[in-house]
Amino acid sequence: MNWSIKNMRFYLLILLFCMGTNARAQIILDWSDLTGGISFQTLSLENPFPGFNEATFSEKLSALEGKEVILTGFFLVLDGKQSMYMLSKNPMASCFFCGNGGPETVVGLQFKEKPFFTMDNLLSVQGILRLNRDNPNLYYYRLEKADALRLE
C-alpha cells in the first residue's frame, strides 16, 4: 500500500508541475501564422472606404485574439515624432510599403513605454494580439501593451 501512495504522490506532483508550466507558456507566432491565417474580401463599390479589403481570420488566429503572443520581426518607425511603430516581416527596404508582401506582413505596435530601438532592429515583441476585420484606419494585426527585446 505504501508503494501505491508513493506512486500516487509522484504522479500528482508531475501533474501539478505540468499544469503550472502550461499556464505560463508563451504563444510564439511565426510570420507564416499571420500570412496564412488571413483572407480578404473586396468590399462593394458603395463602401465608404474603396480599396479596403475586409479580413477574415483563421480559427487558430481568432482563438488567439486577446491573448499574449510573441512575434519576431523588423522594427519600423512610421513618423518623424517617433510615435507610430510597426513590426515587419521584412526590413524597411523590402517591406510591405515597398511592394514586397501584403498588409499581412506588418503588425501595428502599441508599446507600454516609448521604445528606444532604431529602424530595422530585429526584435521579439510580446503583446496582446488584436485582429482588425473592418477598420481601414488600423493594421489587420496589432499588438497592444507591447514590450520588446532586441535580438543579438
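In which loop does aspartate 120 lie? Aspartate 120 is placed in the loop between E6 and E7, where helices (H or I, at least four residues) and strands (E, at least two) are DSSP runs numbered from the N terminus. The structure is a predicted model, in which local features need pLDDT of at least 70 and side-chain atom pairs count only at pLDDT 80 or more, whereas totals for chains, interfaces and linings use all residues. Residues are numbered from 1 along each chain as its sequence is written, and side-chain values use heavy atoms, with hydrogens and water left out.

The secondary structure comprises 3 helices and 8 strands, arranged from the N terminus in the order α-β-α-β-β-α-β-β-β-β-β. Of the 152 residues, 34% are buried; buried denotes under 20% relative accessible area, exposed over 50%, and partly exposed the range in between (1.4 Å probe, protein chains only). Among contacts (heavy atoms within 4.5 Å) with a separation of 6 or more, 64% involve residues 24 or more positions apart.

Strand E4 is mostly covered, with 7 of its 10 residues buried. Strands are taken to pair if DSSP finds at least two bridges between them. E4 pairs with strand E1 (residues 27-28) in the parallel sense over 2 bridges, and isoleucine 28 has isoleucine 70 of E4 as its bridge partner. E4 and E7 run antiparallel and are joined by 7 bridges; here phenylalanine 74 stands opposite leucine 122 in E7. The pairing of E4 with E5 is also antiparallel, over 4 bridges, and leucine 76 stands opposite methionine 86 in E5.

In soluble globular proteins, nonpolar side chains tend to be buried together. A nonpolar core is defined as a set of buried Ala, Val, Leu, Ile, Met, Phe, Trp, Tyr and Cys residues joined through side-chain atoms within 4.5 Å. The largest such core contains 27 residues, of which Val107, Leu109, Leu129 and Tyr141 touch the most other members. Elements that each supply at least two residues of this core include helix H2 (31-35), helix H3 (59-64), strand E4 (68-77) and strand E7 (122-131). Apart from neighbours within four places in sequence, valine 107 contacts residues including Trp31, Leu34, Leu71, Met86 and Tyr141.

Aromatic rings of Phe, Tyr and Trp (its six-membered ring) pair if their centres lie within 6.5 Å, with planes under 30 degrees apart counted as stacked, over 60 as edge-to-face and the rest as tilted. There are 6 aromatic pairs by this rule. Phenylalanine 75 and tyrosine 85 form a stacked pair, at 5.5 Å centre to centre and 25° between the planes. This pair links strand E4 to strand E5 across 10 residues, and both phenylalanine 75 and tyrosine 85 are buried. Ring pairs also join Phe75, Tyr85, Phe111 and Phe117 into a cluster.

Aspartate 120 has a positive phi of about 70° although it is not a glycine, and it counts as partly exposed because its relative accessibility is 31%. Lysine 145, found in strand E8, likewise has a positive phi, near 50°; lysine 145 counts as exposed because its relative accessibility is 57%.
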